[in-house]
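User: Could you walk me through some of the labels used for this protein? I am new to it.

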Amino acid sequence: MQQQLSSAAQHSQDNGIKRGDLSSPQLIQDFAEAISIMEVSGRPNPSPFKLHKSASTPLRYSGAVKKVVKRNQTKESGNKEKDNQVEYDNASSEEETAEDLVLKPTTDSSELADAGSHQIRLRFPSEDSFSEETLVSKERLAEEAKKKSEEEEAAAKERQAQRQMMAIEELVQSEKSYLKMLRICTVNIRNSLNNLQPPPPNLDSLFLYTEEVMNVSSRLLSKLEQKQLKPQSPEFLENLCASFLSLSSDIEAAYKEYLWNYNHISLVENDYKQNETLWSDIIKVVKSAAPEVNATSLSFFLVMPVQRIARYPLLLQTIQKHTDPSHPAYALLEQTANTSIALNCNINEYKRFREVADKYKKTENLTIMDKINRLSTHSIAKKTARFSQYIKHETGMAPKLVDEEFDTLEGFFNILEYGILVLLENVETYLFHLQRFLECKTEEFDFDMDGEKAPVCYKEIHTALRQWILPMFEKRMRTLIHKPLCELRDLLVGPKNLIRKRLHKLLDYEVIEGKPKLSYEEQAVANAYKTINTLLLNELPRFNGLALQMIWRMLGTFSCLHRDLAADMEQLFQGFALQLPHSSYHPKEFQEWVETAVLEGARNLDILCQSVQETLNSPAVQPLSPSCQRRLQQLTDKHGSGKIFQVTNTVVGTRDFDLNLTKGEFVALISEFDTRGDKRRWLVDSGAKRGYVPSSKLIRYHQAAEDPPPSPFLPTPGNMMAFRRHSCIPDPQVIHVTSQPLFQVVAAYDFTARGNHEVSVRAGEPVRVLESQDKRGNSEWSLVEARGQRGYVPSNYLTRMPVGTGSLAPPLH
C-alpha cells in the first residue's frame, strides 16, 4: 500500500502538482478511505494500514465508489458456491481493477481539486467502458445461474424418478407379499384347522370368496410379469396401468362380495373366542403356519383384502405424484388412479345396499305377544300415517307417486312368482302319481298264467320299470327339477319382502316429499326409500332374468329326462321284443294294431267309468258340515244368497292381500275386479277376512230362495236309526201308491236335473217314490219315477195331496 501511494505521489509531481499538496494529511486520508472501501473481504492478505478520515474532508467521489463496491459485493455473493481458488482469483482481479480505477489520476490539471479549498476530484474511466464491463459480468452471472438451475432441475428429476421407481416397486412387492399371505391362510392354516378334532364349525364360511380374491391378484401379477419388464423401464408403468384397467371389473366383483361377507367372518371368529380351548388351538395353528409375521388371530390374514382394496388408490396416487406430466403414460396413470377410487366407491355402495337388503328382506315369525311388545308411540304414529296415506290413494284424495319402470318390473316379478308356484305344484303332483304307481306291485300277484310267455315278459318288464328305471327317473326329477324349484320359491321371499317394504317407505316418503326442509329423521326416511328403490331397480331385472332362465332350463331338463326315460324303456323292451306277441308285425301294421287296441280299450274304460258313476256317484249337492253351514248362513245373512260362491280348487295366495282357501269353502263376492281393474282377481269375503281370489276358481252356489216345507213322507225320529242302518240296501217294501190312494205324492217346486242321476220335475207333477233316501243313506234325496224316468230329487221338493177316498197307503219308512 505504501509503495502504491509513493508511486501515485511521484506521478502527481511529474504532472506539475506541488509536493506540499500531496503531503497534505487530508488528501492521504481520502485516498486511504477510497482504497479501504474498495477492498474485498475475500482478499488473502489485507493491508494492516489504516487511516482515519478527517471530518472536514468532503468526498465528492464517494457515491461512484460506493456503487462500484456494491457491484463487487453482488458478484461475491453470487459466486459463493464456487471453488475457493476461483473465488480468490475473481476477487483479486476485481480489487486490482477497482484500485487502478481509483488511483489512476488524469493528465488534465483543470480537473484536479483546488488546493486552497482542500478539495480533490478523481477521474474514473469513461461511462461506456464501465457499462460494457458490467454487462459482461451480468451475462456471466446469468449463464452461471442458468447452469445452476439446469443442474438443480436435473437433480430434481432424478429424485422424482427414483421416488417413482420406489413407489412402483412398493406396489409390486406388496402385491406379492399380500398374495403370499393369502395362500398361507387358505392352504396351510385352513388345512391345519380341518385336521382338528372336531374341526371348527362354519369353517368354510370364513374363507368364502377368498379364492376369487387370490385369483384376481395372481392374474394382475402374471400380467405384470408377462412382458418381462423391470420397474425401471418406462414401459413398465404403462403395462401396470393397462393390466389394472383390464382387471378392474373382476377386481370389483371379487372384492365387493368378500367385503360384504367380512361382517360374517367377524361374527364367526367371535364365536370361536367364546370357546377357550378351541381358540387356543386356532392360535397355535396360526403361529405355526406363519411364524415370521407373529400373527395372533385369523383376522390378521382375513382383513388383508379389506386393507388391500383401499390401498390401491394410495399407491397409484403416489406414483402419479412422482410422475412427470410429460410422461407418455401419465394420462393412463391418471385414469387408473381414478378407476381405483371409483372401485372403492362402488364397493362401499354395494355393501351399503346389501346391508339394507339383509335388514328388510328377512321374514320374522312373530307371535301376537311379540307384536304387542313391539308397539310403541313411534310405531303407532308411523303406521297410522301410512294407513292414512293409503286411504288417500284409494279414495283419490292424494295422487300416488307412480314409477312406471318399477311397476313393470314388479308386474313381471309377480308373473314369474305365479309361474314358479304353478310349475312346482304340477311337478309335485306328477311325482305324487309316480310314487303311487311305484307302490303298485302288480308283479307279485299270481294270475295262473305261468304257461304263457306274454304275462311272464310283462311281469319282468314291470319289475324292471318299478325297481330300476322309474326310481332312477324319480330321483333325477327330484334332484334336477323339484329341489331347484323349491329353492327358487324360497328365494322369492326376499324380493317380495323388499317390494312390500318399498311400499311402506313410499307412503312415508310421500308424506314428507312436499316439505322444503327436512329434519334428520325425515332425511333418513327419504334416504331409506331411495336406497330400497334404487336397489330394486338395479337388482330386480337381474333376478327376473335369472329366474326366467332357470325356469326355461328346468323345462328343458324335464324334456331331457323324459327323453332318457324313453331311451331306457326302449332298451328294456328290445330284450323282450321277440318273446312278445305281434312281434312279427311290420312296424306300420303294428302301429295300426296298437292304435286300434288302445282306442278299443279306452272306449271300454269309458263305458265302465260311466256305469260306475251312474251306480255309485251321489248327487252333486252333498250335505254340509256344521261349520260350513254356519259360515254359509253367516255370509248369506251379511251379503245375500246371490253373492255366495264356492271354491272349486285349492287357492294359494301369491300376492299381497291374496287369500289361501281350500276346495269347497264358501265366500261372498264383494268386487269383480282388483284395485288395478284386473277382472281376473275378485275381492271376496271368506267370513274370517277379506282378500283376492282368482275368478277362475270360483263357482256360484245355487240354493233355494226360501226353504220349502218339510217332506211329508220322511221317516219319523223313532225309526230313523233303523232306516239309516238299512239305507245302503234296497228296501224290499217299496212304497207304491194304490190305484185309488187317499194321498198323491206330487212335486211342490220345479226342479231341473243337473246330471244323469237326477230327474227333472215340475210343480204339481205327480211322482212315484221308489226310495226315500240315496245310496249313502242321505234322507235329503229321494229316488222317484216321473214320466217313465227314474232319478233323484230333493225330498223337501215333494209333498202329499189328497185325491179322494179309498184305502190308505201303507206308512212310509
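Analyst: Here are a few labels and the values behind them. This is a predicted model, in which local features need pLDDT of at least 70 and side-chain atom pairs count only at pLDDT 80 or more, while totals for chains, interfaces and linings use all residues. Residues are numbered from 1 along each chain as its sequence is written, and side-chain values use heavy atoms, leaving out hydrogens and water.

User: Why is D685 called buried?

Analyst: The relative accessible area of D685 is 4%. Buried means under 20%, exposed over 50% and partly exposed in between, using a 1.4 Å probe and protein chains only, so D685 counts as buried.

User: And what makes K638 exposed or buried?

Analyst: K638 has 54% relative accessibility, so K638 counts as exposed.

User: What makes D685 and K638 a salt bridge?

Analyst: Their closest N and O atoms are 3.4 Å apart. A salt bridge needs a side-chain nitrogen of Lys or Arg within 4 Å of a carboxyl oxygen of Asp or Glu, so D685 and K638 form one. The two partners are 47 residues apart, with D685 in strand β3 and K638 in helix α22; helices (H or I, at least four residues) and strands (E, at least two) are DSSP runs, numbered from the N terminus.

User: How do you know that E349 and R352 form a salt bridge?

Analyst: Their closest N and O atoms are 2.5 Å apart, so the pair meets the rule. Both residues lie in helix α14, three residues apart, about one turn of the helix.

User: Why is E349 called partly exposed?

Analyst: E349 has 33% relative accessibility, so E349 falls in the partly exposed range.
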